[in-house]
There are 2 protein chains.
Amino acid sequence: MRKVAVIGIGATRIDEHWDKSLRELAGDAVLSAMSDAGLDRFDALYVGNMMSSPANQQQHLGTYIADWVGARGKEAMRLESACSSGSAAFRAGFIAVASGEVEIAAVVGVEKMTDSPGSEITSNLATAAHADWEVDQGISFVALNALIMQRYMHEYGWKHSDFANFSVNAHQNAMNNPNARFHAPLTAEKYEASAMICDPINLMDASPIGDGAAAVILVPAEHITRTGSFPLVTVAGSAAASDSIAIHSRKDPLWLSAAEKSSRAAYQQAGITPADINLFEYHDAFTIMAALSLEACGFAERGKGPRLALDNEIGLKGRIPVATLGGLKARGHPVGATGMYQITEVVQQLRGQGGASQVEGARYGMSQNIGGSGSNIITHIFTNAA
Amino acid sequence: MRKVAVIGIGATRIDEHWDKSLRELAGDAVLSAMSDAGLDRFDALYVGNMMSSPANQQQHLGTYIADWVGARGKEAMRLESACSSGSAAFRAGFIAVASGEVEIAAVVGVEKMTDSPGSEITSNLATAAHADWEVDQGISFVALNALIMQRYMHEYGWKHSDFANFSVNAHQNAMNNPNARFHAPLTAEKYEASAMICDPINLMDASPIGDGAAAVILVPAEHITRTGSFPLVTVAGSAAASDSIAIHSRKDPLWLSAAEKSSRAAYQQAGITPADINLFEYHDAFTIMAALSLEACGFAERGKGPRLALDNEIGLKGRIPVATLGGLKARGHPVGATGMYQITEVVQQLRGQGGASQVEGARYGMSQNIGGSGSNIITHIFTNAA
């Protein structure tokens with residue numbers, strides 16, 4: 001396996017892009033990453049997308065986007081693992097380059113969720129849950145997470161307000177990210193007062209959907225002469241794990257075993273421990289997922305995730321900065337694109353391009369992308385160390 | 001890159017499986033491949049599927065199927081490139097094992113097209129074509145192929161009846177395949193007399209859809225001691241290429257440039273020429289695609305594909321045996337599973353397990369899987385040579 005470098009990143013703003021089609025969003029991100037890398041070609045394209053079939057009546061996105069960006073003829077495919085599709089595409093591109101099979105890979109995560117004929121978001125999202133054992137019983141994705149959060153609060157004695165800072169911190173960091181969906185500060189009071197969706201999850205516990213695309217260019221690190229004004233960022237760890245799709249099938253619904261497995265494998269590959277991670281782009285689709293991710297990845301003890309939020313150890317100067325450019329909560333969650341937003345943001349931080357959200361002196365950044373309610377979790381560690 | 005061996009194969013019959021769900025079909029194929037390999041575990045699962053989102057209201061098939069076959073916790077993902085999804089999954093699994101990232105990979109192609117709430121096949125298939133430039137204009141997938149066939153007959157002077165033997169040969173070979181959808185012989189007269197679908201494509205030019213799954217187990221070849229009663233089959237070549245999705249965007253709609261590119265790359269990797277290929281599991285979704293594939297892969301001159309059928313050079317004892325176990329035409333075409341059926345059949349032949357359809361003395365077998373109307377083509381070459 002060759003060491004792999006991320007030499008280009010690009011992303012669109014997450015928004016309701018009524019003036020842009022799926023291919024235009026993906027194209028903007030890929031061309032921007034190519035321009036950032038200073039390359040005018042690539043050998044293979046890996047596309048992460050969850051719901052273009054129902055939402056846009058278009059599948060076959062590998063070929064579709066390759067052609068649109070002027071790469072007709074190149075190898076192209078789509079990866080799908082629900083909301084972790086973006087990171088699944090990255091991992092496929094990473095392995096292809098690491099193996100020697102591909103020299104220059106482009107990876108893009110894209111989702112066009114609004115203003116499309118098939119934009120019935122709740123039912124589209126539900127295809128990530130178990131059709132027979134969950135969805136046919138009438139449960140939605142937010143309801144599944146509400147069950148988990150309800151149980152978590154009961155087991156460990158947390159109040160709803162204890163989760164406030166996960167969302168407040170995300171909104172604050174998003175102020176510094178021009179690509180974020182929201183640029184509105186949030187207070188703990190506003191968090192508590194927001195509309196209930198599915199008890200105990202209220203509007204400010206939940207991340208917003210949106211349209212967007214984020215892309216990277218990957219090459220073997222050995223080919224790169226470091227001439228830029230920022231350090232070269234390489235992949236130090238990459239791992240994926242699964243769990244049951246249906247939550248009721250798990251021995252412990254309050255433990256993200258796939259996050260534990262994939263983060264442990266990634267730490268081992270990178271030769272580090274959780275204490276070495278300088279920032280963590282986690283999958284805060286709901287505040288309960290923020291808490292569970294911190295625990296499963298070794299940043300908090302079991303049942304103590306909210307403590308990190310209450311003590312603001314998750315802030316930019318805290319013990320483990322998270323959602324440094326807004327996270328899913330405030331940057332937004334265009335589902336199949338999210339993993340690639342997380343990765344481009346980690347690279348920004350390790351390049352020192354985090355702007356007012358910069359985590360000073362960051363050497364190791366981790367991204368973690370969750371498909372389903374913890375049923376497919378992909379973890380990547382990046383570094384700017386030589 | 002390590003040499004990769006296919007040590008297990010398994011498949012269900014292609015049929016209208018009203019008594020089996022998508023996960024049961026996939027599970028049957030994976031467990032059968034594991035049993036054939038003599039293994040009770042794998043490290044990662046790659047699923048090829050095109051249309052489970054509309055047809056089965058279930059995405060996230062990697063995790064979904066891994067859990068069903070008792071592999072909860074393992075890495076799992078889905079690959080999609082329309083009708084070449086099966087081979088895309090195989091290629092991802094192949095690269096993962098070749099790279100050293102994965103030791104034992106399971107790959108399954110699965111499609112459940114009938115008896116499902118979302119089984120509107122024509123519109124589901126149309127998501128492989130261009131939503132704006134083709135489908136919104138009212139054209140279906142068979143109509144796109146009819147345009148190509150019409151033009152081909154016009155340019156090169158072939159009559160419709162000249163294509164008969166592509167289908168007659170496929171039906172004859174399917175008689176020897178218990179997994180085939182059809183076990184009914186076809187004559188040239190019946191071919192010509194069958195119902196018109198979209199001029200010049202009639203019912204016997206077109207492959208049938210169906211429900212089915214086919215799977216393999218992949219491991220590094222270096223780990224295998226050959227103790228079985230059949231030779232070890234390894235991957236000698238693997239390549240993928242794309243073309244425009246919309247046919248009108250191509251310089252020459254009668255030339256499968258992605259088939260040419262991917263087959264040339266695969267020949268080069270295997271160190272062979274078309275003359276060394278002993279059997280070719282091609283993508284005869286329509287008879288016109290059979291002719292175009294033979295030409296683009298170097299088995300016939302441009303415009304002369306039907307000559308091979310007329311001279312029966314495509315029969316089991318011919319110059320280039322094709323569809324040896326029925327092909328898409330008679331084995332059936334459960335779209336995202338088809339590439340994996342082709343691959344399991346090539347492995348059967350190279351093991352000498354072709355039964356009455358055995359190609360005697362076969363050393364090199366090729367599979368080629370087409371997504372869209374020639375817009376994504378993945379070619380694999382297998383060998384039983386040491």
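Predicted model: local features only at pLDDT ≥ 70, side-chain atom pairs only at ≥ 80, totals over all residues.
Local features need pLDDT of at least 70, side-chain atom pairs count only at pLDDT 80 or more, and totals for chains, interfaces and linings use all residues. Residues are numbered from 1 along each chain as its sequence is written, chains are lettered from A and ligands numbered from 1 in the order in which they are written, and side-chain values use heavy atoms, with hydrogens and water left out.

Visitor: At roughly what angle do the axes of helix α1 and helix α3 of chain A cross?
Guide: Helices here are DSSP runs of H or I with at least four residues, and strands are runs of E with at least two, numbered from the N terminus. Axes are lines fitted to C-alpha atoms, for helices over the stretch in contact, with angles from 0 to 180 degrees between N-to-C directions. The axes of α1 (residues 22-37) and α3 (residues 61-68) of chain A come within 9 Å, and they cross at roughly 65°.

Visitor: Which peptide bond of chain B is cis, and what is its omega?
Guide: B:Pro200 is found in the loop between β5 (196-198) and β6 (201-202) of chain B. The cis bond runs from B:Asp199 to B:Pro200, with omega near 10°.

Visitor: Is B:His60 buried or exposed?
Guide: B:His60 lies in the loop between α2 (52-56) and α3 (61-68) of chain B, and its phi is positive, near 65°. Buried means under 20% relative accessible area, exposed over 50%, and partly exposed in between, for a 1.4 Å probe and protein chains only. Because its relative accessible area is 0%, B:His60 is buried.
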